[in-house]
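Trainee: I would like to go through the terms used for this model and see what each one rests on. Can we take them one at a time?

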Amino acid sequence: MWLLGVPWALALLVSAAPPGPSVAPLDPASIFSDLSPAELRAVRTFLMERPELGLAPSRGGPLAKNSVFLVELLPPPKRVALRFLAHGGPRPRREARAIVFFGAQTEPNVTELAVGPLPRPSSYRVLGLKGGRAVPFWARPMTQLEYELLHEALVAAVAPLEPLLREATGFGFQNCSARCLTFSDVAPRGLGPGERRTWLVIQRFVEGYFLHPVGLEVLLDHRDADPRRWAVRQLWYNGRYFGGVRELAELHTRGELPLARLPEPPARHLFSSYEPRGRFFTGTPTEVHGAKVCEPQGRRYRLRGNRLEYGGWSLAFRLRSSAGLQLFDVRFGGERVAYELSVQEAIAFYGGHSPAAMQTKYMDAGWAMGASSYELARGVDCPETATFLDAHHLLDADGPVRFARALCVFELPTGVPLRRHFDSDFQGGFNFYAGLEGRALVLRTTSTVYNYDYIWDVLLYPNGVLEAKVHATGYIHATFYTPQGRRYGSRVHSHLLGNLHTHLVHYKVDLDVAGTGNSFETMDIRFENISNPWSAGARVRVAQPGGPRQGWERDPPAQTPTQVGAAPGLTPPPHLPRYHLAVTRRHENEPSSSSIYSQNNPWDPPVTFESFIRDNETIEDQDLVAWVTVGFLHVPHSEDVPNTATPGNAVGFFLRPFNFFDEDPSVASRAPVIVRPLDPPTCSRLQIQRWTPPSPGACVHPEPFTYNGTYRPV
């Protein structure tokens with residue numbers, strides 16, 4: 001048995017998988033590898049050449065066009081993959097998933113296509129969503145083109161406010177050069193189906209502009225495919241609502257508008273920047289390097305394409321553009337323990353007084369968080385010793401884009417022994433000491449979805465434990481401070497309110513323990529008051545393990561409701577998972593618990609998790625999926641400036657073997673140290689047993705720090 005460890009007070013989490021360098025054609029793991037740049041180009045070229053699709057380039061042109069939005073791997077059906085992996089069956093057909101915006105037709109929509117076979121596609125078919133749901137055009141994710149048009153429309157619409165903005169902030173939209181204003185948009189984009197109207201938070205464009213709102217928020221309606229029909233519907237300035245731009249501008253002209261005057265930003269040591277300022281009280285030197293990770297005898301893990309091997313572990317991985325890390329065929333000791341572990345969704349629901357704050361309910365799969373995997377810095381994001389891997393995405397682009405160093409792999413000293421024991425003789429000496437150093441292999445990537453940075457980790461331990469974890473960092477989503485806003489957060493700077501919000505992350509864990517026929521049960525502790533068998537008349541209270549086996553999907557605790565962020569407005573909408581843990585029968589038409597369309601259509605989304613459990617199927621001796629939700633409530637505070645720090649803002653969960661092995665499998669490691677006295681109880685002569693070299697040797701990485709930071713078409 002394998003246990004899904006759920007530290008409820010903390011939270012849970014699982015991770016996924018990145019693309020590697022060149023994939024060995026015959027490696028079984030390559031059936032799960034991300035599409036290569038050549039494959040991405042081949043799919044796009046094939047679709048562009050189909051006359052019946054009438055496709056135009058993604059960049060430029062009108063919004064009302066047909067275009068390819070996303071291309072990524074379409075994993076093979078599980079039964080086909082297992083037939084190949086476990087039984088020597090035929091290699092699965094390699095296909096791509098393509099999302100196409102059909103905007104140039106009478107009833108615009110979004111359609112998903114399966115394209116193949118790769119590497120030379122020759123056909124496509126429509127990929128239907130569960131229940132035959134269609135995706136309306138207004139529910140599509142935002143594109144770079146729409147953002148450019150949105151910016152143009154905003155600048156033109158608020159031109160009458162330029163004197164107000166210049167007087168209050170010293171910045172503007174018109175001829176601004178180095179003193180420009182920008183905006184952040186929030187979602188959902190409306191209050192019901194069919195809407196596409198977005199609140200825009202106006203900010204000074206300085207380093208860390210997320211922390212520089214100027215007190216103006218603008219509601220811009222951009223549902224029409226013709227940007228000339230877009231219009232500002234409402235404004236909010238310094239705590240007041242206004243029906244139009246002219247009303248606000250005229251009040252300012254007449255001197256009847258209380259201005260939110262902002263101080264001039266300093267040239268150096270801006271509060272939102274990373275520039276050092278101040279000193280530690282103890283005088284700890286920080287101008288020198290601190291402790292580092294090293295590999296004195298070289299790497300102890302192996303990467304073969306998208307296959308990762310370490311100790312008893314072996315797995316395939318990918319980094320899908322739509323939702324991020326995904327692991328397949330996870331094995332320990334050659335035996336499969338999970339078919340898939342993958343990130344499904346990351347949401348952040350906010351409360352606030354301003355319209356943008358109260359409207360913000362981010363669902364990051366709707367922003368293609370997997371494609372926000374920007375360059376990892378050697379020595380900061382990952383140790384200098386790490387192996388770095390590139391990723392290639394075709395998202396809202398006319399060709400594949402290379403994201404350098406998007407993933408990293410490294411072995412990490414945990415700083416605590418995996419296990420140890422000092423066996424005292426209780427006479428001032430000892431019988432023996434033994435310990436095994438703690439180490440884990442880490443697979444890491446990040447998602448920077450505008451202001452927030454999520455650091456996604458999968459840790460593999462030598463005792464058969466897998467930990468999945470996410471750290472939240474980056475800039476808080478902040479709004480302009482007003483006294484009324486104090487009910488919804490903290491004043492973190494002079495003009496800045498840190499809004500209360502909840503983070504929830506959802507994962508899919510398709511466990512295959514000793515095959516696909518699994519059952520689900522929980523273990524709890526119960527106490528029994530029994531007669532003491534060795535003392536007549538006395539009773540003793542003893543603890544016993546116990547817990548029911550769940551036979552159906554809707555049996556508690558096959559559904560364990562989550563209470564994270566239970567404040568009004570901060571709970572997940574009905575279509576998203578509302579449970580710490582839910583267990584369902586696996587179905588090929590239920591590959592994900594959320595979708596890229598939920599952000600802009602949370603009212604009637606094409607994927608609704610509740611439908612997975614509504615039929616209440618049996619979950620005894622079946623192919624099961626555990627859907628795991630982890631999260632935490634974030635009450636921002638001044639120490640979140642300039643950024644939210646990772647300590648205290650991480651959640652995760654463990655997969656642990658439970659009576660699966662005869663003993664701890666880490667006994668296969670040759671890294672323990674055993675010390676025995678040769679002359680007890682004097683203990684003046686010791687026998688020290690080691691199976692590794694006596695000294696690890698030099699531990700310095702010779703290469704200087706370098707960074708590029710670009711992601712370019714290839």
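Trainee: What makes strand 37 and strand 38 a pair?

Mentor: Two strands pair if DSSP finds at least two bridges between them. Strand 37 (residues 672-677) and strand 38 are joined by five bridges, so they qualify under that rule. They run in the antiparallel sense, and Arg676 stands opposite Gln687 in strand 38. A strand is itself a DSSP run (E, at least two residues), a helix is another (H or I, at least four), and both are numbered from the N terminus.

Trainee: What should I know about the model before going on?

Mentor: It is predicted: local features need pLDDT of at least 70 and side-chain atom pairs pLDDT 80 or more, while totals for chains, interfaces and linings use all residues. Residues are numbered from 1 along each chain as its sequence is written, and side-chain values use heavy atoms, without hydrogens or water.

Trainee: What is the order of the open sheet of three strands?

Mentor: The order is 25-27-26, again antiparallel. Strand 25 (478-480) and strand 26 (489-493) pair on one side only and are the edge strands. The twist averages 40 degrees from one strand to the next. Strand 25 and strand 27 (residues 496-499) share three bridges, and Thr479 stands opposite Leu497 in strand 27.

Trainee: Where does Pro681 lie?

Mentor: Pro681 is in the loop between strand 37 and strand 38. A cis peptide bond joins Pro680 to Pro681, with omega about 0 degrees. The bond from Leu118 to Pro119 is also cis, with omega near 15 degrees, and Pro119 sits in the loop between strand 4 (109-116) and strand 5.

Trainee: Why is the contact of Glu590 with Lys130 called a salt bridge?

Mentor: Side chains of opposite charge can pair when their charged atoms come close. The term requires a side-chain nitrogen of Lys or Arg within 4 Å of a carboxyl oxygen of Asp or Glu. In Glu590 and Lys130 the closest N and O atoms are 2.3 Å apart, so the pair meets the cut-off. Glu590 is in the loop between strand 34 (579-585) and helix 7, and Lys130 in the loop between strand 5 (123-126) and strand 6 (135-136), so the pair ties together parts that are 460 residues apart in sequence. The structure holds 43 salt bridges.

Trainee: How many cavities are there, and what makes a space a cavity?

Mentor: The search finds five cavities of 30 Å³ or more. On a 1 Å grid over the protein atoms alone, a cavity is a set of points where a 1.4 Å probe fits but cannot get out; a pocket is an open set with protein on both sides within 12 Å along at least five of seven lines, and lining residues have an atom within 4 Å of a point. Grid points are joined across faces, edges and corners, and a volume is the space filled by probe spheres set on the points.

Trainee: Which residues of the lining lie nearest the centre of the largest cavity?

Mentor: Of 14 lining residues, Leu63, Lys65, Ser67, Phe101 and Thr143 lie nearest its centre. Strand 2 gives the largest share of this lining, three residues.

Terms used. Axes are lines fitted to C-alpha atoms, for helices over the stretch in contact, and angles run from 0 to 180 degrees between N-to-C directions.
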